Amino acid sequence: MSQNELAILGDKPLFAEPRHVGTPFIPPRDLLHASLDEILDARRLSNDGPFVQELEVLLAEQHGVAHAVAMCNATIAMQLLFRAMGLCGEIIMPAFTFIATAHAATWEGLEAVFVDIDRETHCIDPVAAANAVNADTAAIVGVHLWGQLCDIERLIRVAENAGVPLIFDAAQALGCDCSNHVTSNLAGSGAVASVISLHATKIVSGLEGGAVLTNNDVLADKLRSMRNFGFAGYDRVASLGTNAKLNEFSAAFAIRGLECLESLTRRNRQIREMYQACLAGLPGLSFHAPATAKSVNDHYAIVMIDPTACPLTRDELLQTLWAENILARRYFFPGCHRMEPYASRPVERKPLLPATDDVAGGVLALPASSAVSLEDVQLICQRIRVAIELHNRVRESINQAVGA
Ligand code: T4K
């Protein structure tokens, strides 16, 4: 392998196999096979089976809450949560999030009201949330992005002042400490619930899956019934429900993953520290470090490209990395407010979100977690360094390819 050239300039790609941002973590196979055998032997594949029940206990313990209600994914979990809470009207949320946050609200007939983010943390700006509150506000959703927690204390104060409930989209935050952030008061004092994801790309996966974390007994019971067609007993249907159940193999997969959470988090931290060290000093490129090292799962490696200081644009760097089989992602470009159906809203319902636009325009998620070894990280950083050094030739090559 050449140390100094780049695939975009005609050299061989750095990696023969792609390095993805979301490569799933696979728990020890012998344990997975044993769980699968147990499920097959018992012929209990779904409908609140023993693995789902065990997962719920483990997730609740892990996050210090009374209840974890497992669901087929986090998007549906959010929808059921909004519906179970009887929300109606507007729901305030950051535009800089995975589109699922907005779609879950819209699917439930709520109006997603997008507000700006904090440029440092990339999470919802509590002042912007407070400014968006009006008589139609039904709830506020804080999103814990990049495996770090958003500004919970200030958001709780905003929600309390507004008299509306606070919900956390914690899809990316499994393993972060949510214990004192989920109180049982549905009237709006403190947060009602957090929603975590167990998607294949998350720190712990159930292939697909999610869960609502809450201390509210009534809410948890309602969600359990709603996810199972509204059943309130063996053959009594008490309310409108749907099918949002998690299956047994997904639950077993997630249990085996949870058993590795501590070592995964430790390794993720090493990856973050390696990226931080190897990228230090590059012009216009900064590694997104969490505001506090406490309660982070370090599942994502995020860099910011400052267009005024970096000799390459974010998209030029992205293209350069893809040529090396480093499949970095522009999460969450261009922001929910610029995606459909929200982009087609009338102009008076389209907010100006300068911080969101700037962050979405400069962000790059690099392969991290299970996708890379520490050596991979060093090699990736070395390629980024070379790309910046050879920026004129890189740009020329990209322009030639466009013109060709
Ligand atoms: N809220 C937030 C803040 C979220 O981040 C998410 C999900 C949600 C809510 C909703 O949670 P769920 O309803 O999904 O439980 C991915 C995930 O699909 C999504 O779960 C995640 N956030 C989002 C940040 O990333 P895409 O469209 O980027 O996925 P995809 O298929 O491109 O996967 C990324 C890369 O990972 C692929 O290029 C290859 C690799 N990969 C992926 C899968 C699924 C694998 O190597 N193997 C795999 O099995 O959304």
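Modeller: D151 has a relative accessible area of 29% and is thus partly exposed, a class lying between buried (under 20%) and exposed (over 50%), with a 1.4 Å probe and protein chains only as cover. This is a predicted model, in which local features need pLDDT of at least 70 and side-chain atom pairs pLDDT 80 or more, whereas totals for chains, interfaces and linings use all residues. Residues are numbered from 1 along each chain as its sequence is written, and side-chain values rest on heavy atoms, without hydrogens or water.

The side chain of D151 meets that of R154 in a salt bridge, at 3.2 Å from N to O; the term requires a side-chain nitrogen of Lys or Arg within 4 Å of a carboxyl oxygen of Asp or Glu. R154, at 34% relative accessibility, is also partly exposed. By this rule there are 18 salt bridges.

Another of them joins E111 to R349, with the closest N and O atoms 2.9 Å apart. Because E111 belongs to strand β4 (residues 111-115) and R349 to the loop between β11 (326-327) and α11 (354-362), the pair ties together parts 238 residues apart in sequence. Helices (H or I, at least four residues) and strands (E, at least two) are DSSP runs numbered from the N terminus. E111 is partly exposed at 25%, as is R349 at 37%.

R272 and D298 form a salt bridge at 2.6 Å, N to O. This pair links distant parts of the chain, 26 residues apart: R272 is in helix α9 (residues 261-279), and D298 is in the loop between β9 and β10. R272 is buried, with a relative accessible area of 10%, and D298 is buried at 6%. Elsewhere, salt bridges with shared partners connect D48, E56, R224 and R227 in one network.

H299 is buried, at 5% relative accessible area. Leaving aside residues up to four places away in sequence, H299 touches T201, K202, I203, N268, A368 and S369, where contact means heavy atoms within 4.5 Å. A polar atom of the H299 side chain lies 3.4 Å from the backbone nitrogen of I203.

Methods: Polar contact = N/O pair within 3.5 Å; in protein donor to acceptor, adjacent residues only side chain to side chain.
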